[in-house]
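Student: I'd like to learn how to read a few side-chain and helix-packing features. Could you walk me through them?

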Amino acid sequence: MSLNNDFNLRRLERYLSIAWDSGAIPVVVLTKSDLCSDVDTKLNEVSSIAISVEVHVTSASDDGYQSLKRYLSKGQTVAFIGSSGVGKSTLINRILGQNFLDINEVRSDDKGRHTTTRRELIMLPDSGVVIDIPGMRELGIISADLSKTFVDIEDLVEKCKFNDCTHTNEPKCAVQKAIQAGTLSIERLESYRKLEKETKYEGLNSKMPEKEKLNNMFSKMGGMKNARNF
């Protein structure tokens, strides 16, 4: 994720969730640090949500990419995923030490230009394999591991007084207490709820999600069937 216009913590949570779910070990690479006026602040924001994940800061004009080489050992496959124009191809070229992949200049609005149009699998000499994946304009969730991405919220949920706590207005809710104390942001909680809802409908046929939504809507009445009877 780049540190300029592409910076988006909620999108990063999505990337981390699908990475953990895939069985891969996620590593956050923040690019274009030379185009950011407050790197430390954004780095702290990323570190607060990328729990137990290593974070690296790079730019096209420094040697920050050198720290990534330790992931490229023999027998290892590294896939670069991210939005269009964040600098994945530039980063891979720096690691390779040659212009193997096409790159474009940054646009006038400070956003990178989309370059990669297909997956590229690159064998590194005396090392592992790198996969360059086309930039993603949208990132829908098919399957995700929220327990690792949102381990801070999951730990708080365990401390709530009620097992079925909705974390809205129940007494002794650890989640709401953390928000009031400033140790958890409302934006992160909303992101957790949104992804939780998306993954809940995973694998359902076209009619089942609507049925689930109706049951949720009338949950206080015991579900849609009881609501219809009422």
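Student: Which residue lies over the face of Phe7?

Tutor: Happy to start there, keeping in mind that this is a predicted model. Lys42 sits over the face of the Phe7 ring, 4.8 Å from the ring centre.

Student: And how do I read rings that pair with each other?

Tutor: A pair of aromatic rings is described by the distance of the centres and the angle of the planes. Here the count is one aromatic pair.

Student: Now to helices. How is their packing described?

Tutor: Two packed helices are described by the angle between their axes and the distance between the axes. Take helix 1 (residues 9-22) and helix 7: their axes come within 10 Å and cross at roughly 45°. That angle makes helix 1 oblique to helix 7, and the crossing is right-handed.

Student: Which residues make that contact?

Tutor: Helix 1 contributes Arg10, Glu13, Arg14 and Ser17, while helix 7 brings Glu187, Arg188, Ser191, Lys194, Leu195 and Glu198. By class, this contact of helix 1 with helix 7 has seven charged, two polar and one nonpolar residue.

Student: At what angle do helix 5 and helix 7 cross?

Tutor: The axes of helix 5 (residues 151-158) and helix 7 (residues 186-200) cross at roughly 90° and come within 11 Å. Angles of 65 to 115 degrees count as roughly perpendicular, so helix 5 is roughly perpendicular to helix 7. Asp152, Ile153 and Glu154 of helix 5 meet Arg188, Leu189 and Tyr192 of helix 7.

Student: How do the residues of that contact divide by class?

Tutor: The contact of helix 5 with helix 7 has three nonpolar and three charged residues, with no polar ones.

Conventions: Residues are numbered from 1 along each chain as its sequence is written. This is a predicted model: local features need pLDDT of at least 70, side-chain atom pairs count only at pLDDT 80 or more; totals for chains, interfaces and linings use all residues. Side-chain values use heavy atoms; hydrogens and water are left out. Axes are lines fitted to C-alpha atoms, for helices over the stretch in contact, and angles run from 0 to 180 degrees between N-to-C directions. Helices (H or I, at least four residues) and strands (E, at least two) are DSSP runs, numbered from the N terminus. Angles under 35 degrees count as roughly parallel, over 145 as roughly antiparallel, 65 to 115 as roughly perpendicular and the rest as oblique. Contact means heavy atoms within 4.5 Å. Ala, Val, Leu, Ile, Met, Phe, Trp, Tyr, Cys and Pro count as nonpolar, Asp, Glu, Lys and Arg as charged, and the others, Gly among them, as polar. A crossing is left-handed if the near helix is turned anticlockwise from the far one by less than a right angle, and right-handed if clockwise. Rings of Phe, Tyr and Trp (its six-membered ring) pair if their centres lie within 6.5 Å; planes under 30 degrees apart count as stacked, over 60 as edge-to-face and the rest as tilted. A charge sits over a ring if NZ of Lys or CZ of Arg is within 6 Å of the ring centre and within 35 degrees of the ring normal.
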